[in-house]
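Trainee: I have a new structure open and want to learn how to read it. Where do we start?

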Amino acid sequence: MVQSTDLTTQQVVLTSPVNGLYTNSTSLTCAWQDLNPADYYELELINVTAGQTIVYQQSNITNTSVTLNSTSLVQEAEYQWKIKGVNTTSQTVFSSRNFFIDRTNPNQSQNSLPLNNATQIANQAITFSWTAPADTGTIQSQISYSIEFSNTNTFGTIIQTSNSTTTTVQQIFTAAGDYYWRVKATDAAGNNSVYSTAFKFTIN
């Protein structure tokens, strides 16, 4: 079947990035499937956070990808990229997806419980909790936590790790001795906090 040259009833199919992506990158490649009846494509990049402001436009694109650079993505914000196909007689409507630029590191977490230098009992579940200050960036993406346990305060050897999407985790220790724990936050864009100040606890 011959594909119609009338683009008004057709649509450009976007391939990447996925809709709702969070990234801290200074460049991002937007790609789509080729639409044969289109002679070229037009792109618009909109800063949604700044009130739907068009920050970049490109026309006469004859391939199926465009790399947006730091000049266009200078601000932390929610962005929308839009593509339409064009030929001499018609054009598609815009196809669009949104993504988020987040380059702000999460703030340092603070260990809460068990208290520093607390004593715990072997072979019993211990609840470790911490507080996480609010993200100060323009874009707040979901934060997950990595909790490290060591038998030295330098954390030269990590004996256990846990991951959590909340500010609490449970862990069991079977061997008596002194241990240390600390927490690092990572957001959905890949930004990392510094580690929390380590707390010591003793297993009896």
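Mentor: We go through rings, strands, backbone geometry and one serine. Keep in mind that this is a predicted model.

Trainee: Rings, then. How is a pair of aromatic rings described?

Mentor: By two values: the distance of the centres and the angle of the planes. Here the count comes to 16 aromatic pairs. Take W32 and Y41. Their ring centres are 5.5 Å apart and their planes stand at 65 degrees, so this pair is edge-to-face. The cut-off for that label is over 60 degrees. Both W32 and Y41 are buried.

Trainee: What kind of pair do F173 and Y179 make?

Mentor: A tilted one, because the planes are at 45 degrees, with the centres 4.9 Å apart. F173 is buried, at 2% relative accessible area. Y179 is buried too, at 8%.

Trainee: Which residues form one aromatic cluster with F173 and Y179?

Mentor: The cluster also holds F128, W130, Y145, F149, W181, F199 and F201. Remember W181 and F199.

Trainee: Which charged residues lie over rings here?

Mentor: Look at two cases. K82 lies over the face of F94, 4.6 Å from the ring centre. R182 places its charged end over the ring of F155, at 4.1 Å from the centre.

Trainee: Now strands. How do strands of a sheet pair?

Mentor: Through backbone hydrogen bonds, either parallel or antiparallel. Strand β8, residues 95-101, shows both cases. With β2 (residues 21-23), β8 runs parallel, joined by three bridges. With β7 (residues 77-86), β8 runs antiparallel, joined by seven bridges.

Trainee: Which residue of β8 is the bridge partner of L21?

Mentor: F99. In β8, F99 is also the bridge partner of Y79.

Trainee: Is β8 enclosed or open to the outside?

Mentor: Largely enclosed by the rest of the structure, because six of its seven residues are buried.

Trainee: In what order do the five strands of the open sheet run?

Mentor: The order is β10-β16-β15-β12-β13, and the pairing is mixed. At the edges stand β10 (118-120) and β13 (158-164). Each has a single partner strand, so one side of each is left without a neighbour in the sheet. On average, neighbouring strands of this sheet are turned by 30 degrees against each other, direction ignored.

Trainee: How do β15 and β16 run relative to each other, parallel or antiparallel?

Mentor: Antiparallel. Five bridges join β15 (residues 177-187) to β16 (residues 199-203). Here are the two residues I asked you to remember: the bridge partner of W181 in β16 is F199. Both also belong to the aromatic cluster.

Trainee: Next, backbone geometry. What should I expect for phi and for peptide bonds?

Mentor: Most residues other than glycine have a negative phi, and most peptide bonds are trans. So look for departures from that pattern.

Trainee: Where are the cis bonds, and which loops hold their prolines?

Mentor: P17 is in the loop between β1 (14-16) and β2. Another cis bond runs from L113 to P114, with omega near -5 degrees. P114 is in the loop between β9 (110-113) and β10.

Trainee: Which residues other than glycine have a positive phi?

Mentor: Among them are N117, with phi near 70 degrees, and N123, with phi near 65 degrees. N117 lies in the loop between β9 and β10. That loop also holds P114. N123 is in the loop between β10 and β11 (126-131). N123 is exposed, with a relative accessible area of 53%.

Trainee: Last, the serine. Is S150 buried or exposed?

Mentor: Buried, with a relative accessible area of 0%. S150 lies in strand β12, residues 143-150.

Trainee: What does its side chain reach?

Mentor: Two backbone atoms to look at. The side chain of S150 reaches the backbone oxygen of T157 at 2.6 Å. A polar atom of that side chain is also 3.1 Å from the backbone nitrogen of T152.

Definitions and conventions. Residues are numbered from 1 along each chain as its sequence is written. This is a predicted model: local features need pLDDT of at least 70, side-chain atom pairs count only at pLDDT 80 or more; totals for chains, interfaces and linings use all residues. Side-chain values use heavy atoms; hydrogens and water are left out. Rings of Phe, Tyr and Trp (its six-membered ring) pair if their centres lie within 6.5 Å; planes under 30 degrees apart count as stacked, over 60 as edge-to-face and the rest as tilted. Buried means under 20% relative accessible area, exposed over 50%, partly exposed in between (1.4 Å probe, protein chains only). A charge sits over a ring if NZ of Lys or CZ of Arg is within 6 Å of the ring centre and within 35 degrees of the ring normal. Helices (H or I, at least four residues) and strands (E, at least two) are DSSP runs, numbered from the N terminus. Two strands pair if DSSP finds at least two bridges between them. Axes are lines fitted to C-alpha atoms, for helices over the stretch in contact, and angles run from 0 to 180 degrees between N-to-C directions. A polar contact is a pair of N or O atoms within 3.5 Å; within protein, one must be able to donate a hydrogen and the other to accept it, and residues adjacent in sequence count only if both atoms are side-chain atoms.
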